[in-house]
Amino acid sequence: MFKHLKQLTSLVAMVAVVFAFTTEAMAKKSKTLKNTQKKGFVRCGVSQGLPGFSNADASGNWTGIDVDVCRAVAAAVLGDANKVKFTPLSAKERFTALTSGEIDILSRNTTWTLSRDADIGLTFVGVNFYDGQGFMVRKSSGITSTGQFKNGISACTNIGTTTELNMRDFFNSRGISYEPVAFEKADEVVAAYDAGRCDTYTTDKSGLAAQRTKMKNPDEHIVLPETISKEPLGPVVRQGDAVWEDIVRWSLNTMIEAEEYGITSSNADMMKTSDNPQIKRLVGAEGEMGAAFGLDNEWNLRIIKQVGNYGESYKRNIADTGILPDRGPNQLWTKGGILYVPPAR
Amino acid sequence: MNNKIKRYIPQILTILFVFLIFGFFTINAQVNMDNRGIDFGFGFLKQEASFDMQFTLLDYDGQDSYMWAYVVALLNTLLVSFLGIIFCTILGVIIGVARLSGNFLIRNSAAWYVEFFRNIPLLLQIFFWYYAALRALPLPEKAEPWFGVTYMTIKGYYIPSMIWENLNVFLSCLLASIISIIFIKIYAKKIQEKEGKQLPVLYISLGLITILPLLSFLFGGVTLDFELPVLKQLAKTSFIFEGGISLPPELIALVLALSLYTSTFVAECVRAGIQGISKGQKEAAASVGLNPNQILKLVIMPQALRIIIPPTTNQYLNLTKNSSLAAAIAYPDLVLVFAGTALMQTGKAIEIVGITMLTYLTISLSIAALMNWYNKRIEIKEK
């Protein structure tokens, strides 16, 4: 009997070792870029519907500035901005979806913070919208400033967001007792506030502006002027794939820099013959800007042609839809804003 | 010897297979977590949670640790399960007995109730109560009082809270009356067995449990005051009630949906239990001169309980597990707070989901153990 047992254990040990090696090898070879090109589409996590950022229309077409980041990456690595598979995620699900490999880019109005960047296996690649948290109230309440908030106020918000933490800091520092009501989906938050369950609705100001357009009667609500936090929103990738991280970062940077140099989707081809070497680099007419990523030289030209520069994306998604006509801090540094990206060279 | 090996080999193989699968998943998770720079550990439980909760039974503040947030959220889950189990049992027994009623109307309404509530998915019922029924309630400033002092509003149900003085005197009187009732019961049983005389135990008990605590008010210095909810204006058009106790609509919707849904299953268990007792038992009891009440209490129920308890235990377990649907309507239970917010803020997915699963397993096994113990007690004792 012992003889048999010995054979069995050695067999089991062998199988275990083989399993261990295959997983190890698989993990090391895993390059997000390779997989994406093999699959033929970019797997992108977006919100469950936030006008201006990521929102699907009746026929399932996604639009928004967060959506455009994923489209830019698709244009760069696959040559077609439409080859994106969007996965709508709640605030609670988003990071797990990314770390578990269900999606490869998370572009879902996500705030860049130290703990998220350092702790949970994520890497933020940049900022595509500078935001801050604010409050919305009913106009009829007569409240015009957060200074008028009183003990017992109830505030609706999303769970699993920085909003939940900022809200606490805000009310605590002012010594106001409040009732937090936290829902998983943004639509549920809006519905609860709209029905009168809460006195105020708090999230990023861009979100407030966007959600207001969805309410029964948008004119009955106002966003208070105070901003209680810094919320730099941007795309996120998994830690551990530096090349993929660079591709996403520079896809976003390309859009912003293209605006800086006046390259648009309509004039991009003509810019190839520009005298400015920086412009030529941005449209793939000079240098070897794609080689380091394992891409061809026109990856950035495709982004600009198919998706447009940041200004075009902003205008199309946020300004023209009436969400936030004023670009505020999201203006180029050359025009009084804080959008400033490293040079592509 | 040969036979013995043959018998053991399948079992050994099965065990090895289980170990192998488990090992594979562990190694796989480890490798992937290493690659993504996530470390495994429970140190985060000591960190400051830094988020607030809408509704808590114990004192909780964002400065407390994730550990304490877990405990507080767990208590919220237990509260919902506890209330749900109490209400579904009361309702279930009433409906179950009503289904066997001789009255056509009662019998059929009970049947309709059961068919209606058990055939609609629970999540839908929770949504109905929360998003349709409770959302249609008035704003605080427009609420009419119920029973004079309570207010049902879209922001919650506000009831007066009790302010006691010398509460411990009152509680000890209550305890004393309960203990004496137990002794009287034992004494009454002895008398009945010895002399066949029946004491009016029910009336004596009722008297004791009202008179003793009442005396504590007159002589023990116990006073009871009520703090009534008072409307308070926050801004021109926003009001809340202050003072008293406020039950959030999320809790009410959840308890309502859970108990209405589960009560249908309990009702069926009760009906099955009663119908499982043969007619001869009832007739025999009637022929020795017991009245219908006594027949139910002394002959039918003790036997029916043996049939009712095991399947009802299952329903209690279901209710407890279903309480995790709280996450759908913002009630801060274990799943919403711990497996939701805490998971998000720390990113410790495996640890937190593991703890949460283990917690539900423990709760369920404890309820099962309790019910099994009760079942053992009422089982037929072979002499």
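In this predicted model, Asn217(A) sits in the loop that links helix H8 (205–212) to strand E12 (221–223) of chain A. Asn217(A) has 10 C-beta neighbours inside 10 Å and, because a residue with 12 or fewer is classed as exposed, Asn217(A) counts as exposed. Its C-alpha atom is separated by 40 Å from that of Ser100(A), a residue 117 places away along the chain. A contrasting loop residue is Asn109(A), found between strand E5 (105–106) and helix H5 (114–119) of chain A. Around Asn109(A) there are 28 other C-beta atoms within 10 Å, so the residue is buried, the cut-off being 20 or more. The backbone of Asn109(A) also deserves a glance: its phi is near 25°, a positive value in a residue other than glycine.

Turning to chain A as a whole, the secondary structure comes to twelve helices and 14 strands. The C-alpha atoms of chain A occupy a box of roughly 80 × 75 × 40 Å along the principal axes. Of the 345 residues in chain A, 50% are buried. When contacts in chain A between residues at least 6 apart in sequence are considered, 73% of them join residues at least 24 apart.

The two chains meet through 46 residues of chain A and 39 residues of chain B. On the side of chain A that touches chain B, at least two residues each are supplied by helix H1 (2–29), helix H4 (94–99), strand E9 (153–158), helix H6 (162–173) and strand E10 (178–183) of chain A. H1(A) provides the largest share of that side, with ten residues. Sorted by class, the side of chain A that touches chain B holds 19 nonpolar, 15 polar and twelve charged residues.

The nonpolar interior comes next. In soluble globular proteins, nonpolar side chains tend to be buried together. Here the largest nonpolar core has 158 residues, and Val73(A), Ala69(B) and Leu254(B) are those with the most contacts inside it. H7(B) gives the largest share of this core, 15 residues. For Ala69(B), once neighbours within four places in sequence are left aside, the contacts are Ala49(B), Tyr60(B), Asp64(B), Val337(B), Phe338(B) and Ala342(B).

Chain B is divided into domain 1 (2–40), domain 2 (46–142 + 248–378) and domain 3 (168–219). The C-alpha centres of domain 1 and domain 3 of chain B lie 60 Å apart. After H6(B) comes Gly221(B), with a positive phi near 75°.

The strands of chain B include an open sheet of four, ordered E1-E2-E3-E8 with antiparallel pairing. Strand E1 (145–146) and strand E8 (245–247) of chain B stand at the edges with a single partner strand each, so one side of each has no neighbour in the sheet. Within the sheet, strand E2 (residues 150–153) and strand E3 (residues 156–159) of chain B run antiparallel and are joined by three bridges. Tyr151(B) has Tyr158(B) in E3(B) as its bridge partner. Another antiparallel pair is made by strand E4 (residues 161–165) of chain B and E5(B), over five bridges. In this pair Met162(B) stands opposite Phe226(B) in E5(B). Strand E5 (residues 223–227) of chain B lies largely in the open, because the number of buried residues among its five is zero.

Two loop residues complete the description of chain B. Ile277(B) lies in the loop between helix H7 (249–275) and helix H8 (279–287) of chain B. With 17 other C-beta atoms within 10 Å, Ile277(B) is partly exposed. Not counting residues up to four places away in sequence, Ile277(B) touches Ile300(B), Gln303(B) and Ala304(B). The C-alpha atoms of Ile277(B) and Met301(B) are separated by 9.1 Å, with the two residues 24 apart along the chain. Ala330(B), for its part, belongs to the loop between helix H9 (292–322) and helix H10 (334–346) of chain B. Ala330(B) is buried, with 27 other C-beta atoms within 10 Å. Although Ala330(B) is not a glycine, its phi is positive, about 70°.

Technical notes:
Residues are numbered from 1 along each chain as its sequence is written. Chains are lettered from A and ligands numbered from 1 in the order in which they are written. Two strands pair if DSSP finds at least two bridges between them. Two residues are in contact if their C-beta atoms, placed from the backbone, lie within 7 Å. A nonpolar core is a set of buried Ala, Val, Leu, Ile, Met, Phe, Trp, Tyr and Cys residues joined through C-beta atoms within 7 Å. Ala, Val, Leu, Ile, Met, Phe, Trp, Tyr, Cys and Pro count as nonpolar, Asp, Glu, Lys and Arg as charged, and the others, Gly among them, as polar. Domain bounds come from an automatic or database domain assignment.
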